[in-house]
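This briefing covers one protein model.

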Amino acid sequence: MKSSVVCERTYHTHRDGEVHPVPVRWRIPVPDPRGGWSCEYEIEWPQREVRIARAYGVDSVQALYLALQNVAAELYTARPAVFLFEPDDILHLPTAGLDDFEAARTKGRP
């Protein structure tokens, strides 16, 4: 059974000359039967199957944080590029270890 959505955001991408939404949802972290916690997330790509994955952590905070980072890595490396409001803008996701992606996409803007 899926847990409830804890947060969601709609990003965008250009495809075939049009802007398409890319909804992302993070679910409430839940205890993992093997120990620790897991946090499911999903990305609704246009013209692809929904991507559903999990991040695992020692507690609920780490599981959610890692799920946010996993989505950041996937969105920053997506082709065509994904954006929040305007092309090349900041996605406003944790990018620890992904700082080069953030700087490259935003041309170094804070």
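In which loop is aspartate 16 found? Aspartate 16 is in the loop between β1 (5-15) and β2. The model is predicted, and the points below are grouped by topic.

**Backbone geometry**
- Aspartate 16 has a phi near 55°, a positive value in a residue other than glycine.
- With a relative accessible area of 65%, aspartate 16 is exposed, because the cut-off for exposed is over 50%.
- Histidine 92 also has a positive phi, near 55°, and is not glycine; histidine 92 sits in the loop between β6 and α2 (99-106).
- A cis peptide bond, with omega near 0°, runs from arginine 79 to proline 80.
- Proline 80 belongs to the loop between α1 and β6 (82-83).

**Overall make-up**
- The protein has 2 helices and 6 strands, in the order β-β-β-β-β-α-β-α from the N terminus.
- Of the 110 residues in the protein, 42% are buried.
- Among contacts with a separation of 6 or more, 40% are between residues 24 or more positions apart.

**Nonpolar core**
- The largest nonpolar core holds 23 residues, and Tyr11, Trp26, Val71, Leu75 and Leu93 have the most contacts inside it.
- At least two residues of this core come from each of β2 (18-27), β4 (37-43), β5 (51-57) and α1 (60-76).
- The element that gives the most to this core is α1, with 7 residues.

How values were computed. Residues numbered from 1 in each chain as written. Predicted model: local features only at pLDDT ≥ 70, side-chain atom pairs only at ≥ 80, totals over all residues. Heavy atoms only, no water. Core = buried A, V, L, I, M, F, W, Y, C linked by side-chain atoms within 4.5 Å. Buried < 20%, exposed > 50% of the residue type's maximum accessible area, 1.4 Å probe, protein only. Helix = DSSP H or I, 4+ residues; strand = E, 2+ residues; numbered from the N terminus. Contact = heavy atoms within 4.5 Å.
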